[in-house]
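Grab your viewer and work through these exercises one at a time. Try each task before you read its solution.

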Amino acid sequence: MKKLSITAVSTVLFLMMCSTGLAHFGMIIPSDSMVMQGDARDLSLTASFSHPFEMVGMDMEKPAKFELFLNGNKTDLLPSLKETKAMDRKAWVSEYKIKRPGVYWFNMEPKPYWEPAEDCYIVHYTKTIVAAFGADEGWDEPLGLKTEIVPVTRPFGLYAGNVFQGIVLVDGKPAPGTEVEIEYYNKDKKGEAPNDYFVTQVVKADKNGVFTYAVPKAGWWGFAGLNTSDKKIKHDGEDKDVEIGAVLWIEFKEMK
C-alpha cells in the first residue's frame, strides 16, 4: 500500500506538471504591425522564447538567423540584434526603420533548445509581418524556411473575431494533419483561462495542410505548426528528436 501510495502521488504530480507550461513559442513581436502615414517609422522587434499566455520566459541564445524578406530580397539583420530581457529572461531586440511601402517579413531561426521534459530539441522557425503605407502584395508567399505557415487569410488589418487560415509547409510542401498550437500573448496579464485546457488552443491541419481558427480577443496571437525533423541531434552521446515549429505571430485589432 505504501508503494502504491507513493506511485499514485508521483503520478499525480507528474500529470500536474505536464498539464501546464508545455507549449513553447518562438516569438517576434514588433512595436507595430502596420505602419501608416503619420506613424513612427522606427520599429523595435523583440525576439524571445516563452510560454506567452502564462508569461513565463526562457533564456534564448542569440539566434542562428534573423532576417528580413522584402520584395523578393533577403537582408541579414543578425548583426543588429542586441541582448535584452523579455519576461525576465534573456531575449534579443532589433531596431529597424521603415523607409518605403512594402510587406515586411521578419523571421528568426533559433539555435536548438534542449527540453529535458520532452527529451528532445526544439527549433521554432518564427516569423511576423509588418505592412507599410498601404502595400498589399507578398503576404501569401513562402520564405523558403525549413517549416513555415503561409497565410491564406491576409495577416494584417484583422479584427478580433476574424477567422484566420494558414497552410503549414515542411520543406516547401503542405504538411497534412499537422497539430497547430495557438496562444494569446498575455502581455498585460489580463487574460484569464477558466482552466489549463484554455491556455493553449489546438487545431489540426486538413489533408492540404490548411488550418482554421477564429480569434476571440484583440492582441497578438501565435500559431505554431509542430512536426518532427527528419534529422536528429546528439545529446550526451544519444540521438534525439528535433521538434520543428512553424511559428507565425499576427496582431488582431478591436473594432471601434
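**Exercise 1. Look at the hairpin of E3 and E4: how many residues sit between the strands, and which one in the turn has a positive phi?**

Keep in mind that this is a predicted model.

Step 1. Find strand E4 at residues 56–58 and strand E3 at residues 42–51. The hairpin they form leaves four residues between them.

Step 2. Check phi in the turn: Met-55 has a positive value of about 55°. That's worth a second glance, because most residues other than glycine have a negative phi.

Step 3. Look at the pairing itself. E3 and E4 run antiparallel over three bridges, and Phe-49 stands opposite Met-58 in E4.

**Exercise 2. Which other strands pair with E3, and is E3 largely enclosed or largely open?**

Step 1. Start with E1 (25–30). Six bridges join E1 to E3, again antiparallel, and Ile-28 has Ala-47 as its bridge partner in E3.

Step 2. Move on to E8, residues 89–97. E8 also pairs with E3 in the antiparallel sense, over six bridges, with Asp-42 standing opposite Lys-97.

Step 3. Now check burial, where the cut-off is under 20% relative accessible area. Seven of the 10 residues of E3 are buried, so the strand is largely enclosed by the rest of the structure.

**Exercise 3. Asn-71 and Asp-119 both sit in loops. Is each one buried, partly exposed or exposed?**

Step 1. Asn-71 belongs to the loop between E5 and E6, while Asp-119 is in the loop between E10 (113–115) and E11.

Step 2. Read phi. Asn-71 comes out near 55°, positive although the residue isn't glycine, and Asp-119 is near 55° too, again positive in a residue other than glycine.

Step 3. Apply the cut-off: exposed means over 50% relative accessible area. Asn-71 has 55%, so it is exposed. Asp-119 has 40%, so it is partly exposed.

**Exercise 4. Is Lys-127 buried or exposed, and what does it touch?**

Step 1. Go to strand E11, residues 120–132, where you'll find Lys-127.

Step 2. Its relative accessible area is 0%, so Lys-127 is buried.

Step 3. List the contacts, skipping residues up to four places away in sequence. Among them are Ile-28, Trp-105, Phe-106, Asn-107, Glu-148 and Trp-249. Asn-107 has already turned up as a bridge partner of Glu-67.

**Exercise 5. Which residues of the largest nonpolar core touch the most other members, and which strand gives the most to it?**

Step 1. Of the 34 residues in this core, the ones touching the most other members are Phe-164, Phe-211, Trp-221, Phe-223 and Phe-252.

Step 2. Several strands supply at least two residues each, including E9, E11, E14 (163–170) and E19. E22 gives the most, with six.

Step 3. Zoom in on Trp-221. Beyond its neighbours within four places in sequence, its contacts include Ile-182, Tyr-213, Leu-248 and Phe-252.

**Exercise 6. Which residues lie nearest the centre of the largest pocket, and how does its lining divide by residue type?**

Step 1. The pocket holds about 490 Å³ of space and is lined by 29 residues.

Step 2. Nearest its centre are Ile-29, Tyr-185, Lys-187, Asp-188 and Trp-220.

Step 3. Sort the lining by type: 11 nonpolar, nine polar and nine charged.

Step 4. Trace the lining back to strands: E1, E3, E7 (82–86), E19 and E22 each supply at least two of its residues.

Conventions: Residues are numbered from 1 along each chain as its sequence is written. This is a predicted model: local features need pLDDT of at least 70, side-chain atom pairs count only at pLDDT 80 or more; totals for chains, interfaces and linings use all residues. Side-chain values use heavy atoms; hydrogens and water are left out. On a 1 Å grid over the protein atoms alone, a cavity is a set of points where a 1.4 Å probe fits but cannot get out, and a pocket is an open set with protein on both sides within 12 Å along at least five of seven lines; lining residues have an atom within 4 Å of a point. Grid points are joined across faces, edges and corners, and a volume is the space filled by probe spheres set on the points. Ala, Val, Leu, Ile, Met, Phe, Trp, Tyr, Cys and Pro count as nonpolar, Asp, Glu, Lys and Arg as charged, and the others, Gly among them, as polar. Buried means under 20% relative accessible area, exposed over 50%, partly exposed in between (1.4 Å probe, protein chains only). Contact means heavy atoms within 4.5 Å. Two strands pair if DSSP finds at least two bridges between them. A nonpolar core is a set of buried Ala, Val, Leu, Ile, Met, Phe, Trp, Tyr and Cys residues joined through side-chain atoms within 4.5 Å.
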